[in-house]
Amino acid sequence: DCPGHPKWMEPQEWLGSTLAKKFPLHLVTNQPTTRLHSQYDNGMTSTGSKIKGREPLRMHPDDAKARGISDGDVVRVFNDRGAFLAGVIVSDNLRPNVVQVATGAWYDPERPGEIGALDVHGNPNVVTPDHGTSKLAQGSSALSTLVEIEKFIGTLPPIKVFDAPPTNPRPAQAAE
C-alpha cells in the first residue's frame, strides 16, 4: 500500500464509491477553533459555540433542504460504525454533499458501556474508521468518512459529560 511513485489509490470512503449510495455525505473533520484538540471542551469559549449543547456541524443549504433540516436544528449523523448528535449551521461555504464538524467534543454516550450507543454531544470518532494510513506510517486516517444525516426528533438527551462523577461517602468508622 506504499508504492515508490505517485499513483491514484482509491480511498476506502469517498463520494465516488459504491458506499456513497447508502451514505451520501462526506464528513470531513478539522481541528477546533474553540479549544485545543479536546482540551477545555468544558470551557466557556467551547461551550458557548455549541448548538443546544451539541458540537456544531456545517452543512450545505441544498443538503439541509433535501432532509428538512434548518439552521439550529439538532441532527443525528450516522453510518454503520455509530452515530452522534450535532447542531446544524447551514452554510454555502461547503460543497454540496460535504459536511464538516470539528474534532474534540468529549465523548458522551447516551447509554455508557453499550457498544454503538448514540454519542449525544458530537464526537465524530464514533463514525470514523479506526485504521492507519498505511502499513508504513500508521498515522491517523480518521478525519474523513461517509455518513447520512437526519433531523433528530424527540426529546434531546441531556449532556452529562461535564457533570462530576458521583461520589461514594466514606463508610462510618466502627466505634472503638
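Reader: What makes a residue count among the 39% that are buried in this chain of 176 residues?

Author: Buried means under 20% relative accessible area, with exposed over 50% and partly exposed in between (1.4 Å probe, protein chains only). By that rule, buried residues make up 39% of the 176 in the chain. Do keep in mind that this is a predicted model, where local features need pLDDT of at least 70, side-chain atom pairs count only at pLDDT 80 or more, and totals for chains, interfaces and linings use all residues. Residues are numbered from 1 along each chain as its sequence is written, and side-chain values use heavy atoms, leaving out hydrogens and water.

Reader: Why is Asp 63 said to have no salt bridge?

Author: A salt bridge needs a side-chain nitrogen of Lys or Arg within 4 Å of a carboxyl oxygen of Asp or Glu. For Asp 63, which is buried, the nearest side chain of opposite charge is Arg 67, 4.1 Å away.

Reader: What is Asp 63 in contact with, leaving aside its neighbours within four places in sequence?

Author: Contact means heavy atoms within 4.5 Å. On that basis, Asp 63 touches Leu 25, Arg 95, Pro 96, Asn 97 and Val 98.

Reader: Which helix is Asp 63 found in, and what makes a run a helix?

Author: Helices are DSSP runs of H or I with at least four residues, strands are runs of E with at least two, and both are numbered from the N terminus. Asp 63 belongs to helix α2, residues 61–66. The chain has 2 helices and 6 strands, in the order β-α-β-α-β-β-β-β.

Definitions and conventions
Lys, Arg positive; Asp, Glu negative; His and termini not counted.
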